[in-house]
Every structure is written in C-alpha cells, then in structure tokens.
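Hello,

Here is the structure I said I would pass on. Please open it alongside this message; my notes follow below.

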Amino acid sequence: MADKDPERSHAADGDAWHDARQAVMELRDVLIAAGMETEFKFLTADVNAFGRGIVSLGRISPAAARRLARLLRVAREAMGDEAFATGISEGGEDRG
C-alpha cells in the first residue's frame, strides 16, 4: 500500500527538493504578478535534516510583510475563511 503522507513520499522518492523547488517557482510567479519579487531576494528551496522539502522565504522588509499580509487578507475575503484555511481552491482542488 502506498504511503499517503506527501512529505514522506517525497523524501522516500528522493524528490523532496524538487517539490520544494516547484513550490518556490509557483510562489515566485505569484510574487512577480503582485510586483513583489524583488522583496523576496532570499526565497529558496532546500531539504531539512529529515529529508523533507522546505521553502525559506528569507528576510523581508516590514513594508513587504504588510503588503503580503494585505494580499493574503484579500485572498481570504475572496475565497472565504473555510476555503482559505484548508487550502481548497475555488475549483475544489486541494492546494495545501
């Protein structure tokens, strides 16, 4: 029976870094669309000591953090609290 835990399956398959890198690329696309890509100069993909993929947002300015908070607040209002909290997109696809 296949392991349904996505973190474990990526570590077991050896592609945890690739999964983290894909997440970085998706996030970077959104940051570019929002005009914020230059604020996240240290956005990186890596793996931790347990072989799990991680994404580091790096250090950002307080102004960038406030802008990101505003964007997330608008997304929450558009999606609704429950969908936003669970990561379910409008089309029903699980995003998180």
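This is a predicted model: local features need pLDDT of at least 70, side-chain atom pairs count only at pLDDT 80 or more; totals for chains, interfaces and linings use all residues.

Which residues are exposed on the other side of α2? They are H18, D29, V30 and A33.

Overall layout

The protein chain has 4 helices and 2 strands. Starting at the N terminus, the order of elements is α-α-β-β-α-α. The chain has 96 residues, and 11% of them count as buried. It exposes about 7,300 Å². Carbon and sulfur atoms supply 54% of that area. Take the contacts between residues at least 6 apart in sequence: 37% of these join residues at least 24 apart.

Helix α2

Helix α2 covers residues 16-33. Its 18 residues reach 26 Å from first C-alpha to last, close to the 26 Å expected at 1.5 Å a residue. A16, A20, V24 and L31 are the buried positions to look at in α2. Viewed down the helix axis, the buried residues of α2 fall within an arc of 70 degrees, so they line one face of the helix. The exposed residues H18, D29, V30 and A33 sit on the other side. Just after α2 comes G35, with a positive phi of about 75 degrees.

The core

The largest nonpolar core has 9 residues in all. Its members are A20, V24, L31, A34, M36, F40, L43, A45 and A64. Helix α2 gives the most to this core, with 3 residues. Setting aside neighbours within four places in sequence, L31 is in contact with M36, E37, F40 and L43.

Strand β1 spans residues 44-47, and strand β2 spans residues 53-56. The two run antiparallel and are joined by 4 bridges. A45 stands opposite V55 in β2. D46 has I54 as its bridge partner in β2.

Helix α3

Helix α3 takes in residues 62-79. It has 18 residues and reaches 25 Å from first C-alpha to last, close to the 26 Å expected at 1.5 Å a residue. Just after α3, G80 takes a positive phi of about 95 degrees.

Best wishes

Key. Residues are numbered from 1 along each chain as its sequence is written. Side-chain values use heavy atoms; hydrogens and water are left out. Two strands pair if DSSP finds at least two bridges between them. A nonpolar core is a set of buried Ala, Val, Leu, Ile, Met, Phe, Trp, Tyr and Cys residues joined through side-chain atoms within 4.5 Å. Buried means under 20% relative accessible area, exposed over 50%, partly exposed in between (1.4 Å probe, protein chains only). Contact means heavy atoms within 4.5 Å. The expected span of a helix is 1.5 Å times one less than its number of residues. The arc is that of the directions from the helix axis to the C-beta atoms. Accessible areas come from the Shrake-Rupley method with a 1.4 Å probe; for residues, only the protein chains shown count as cover.
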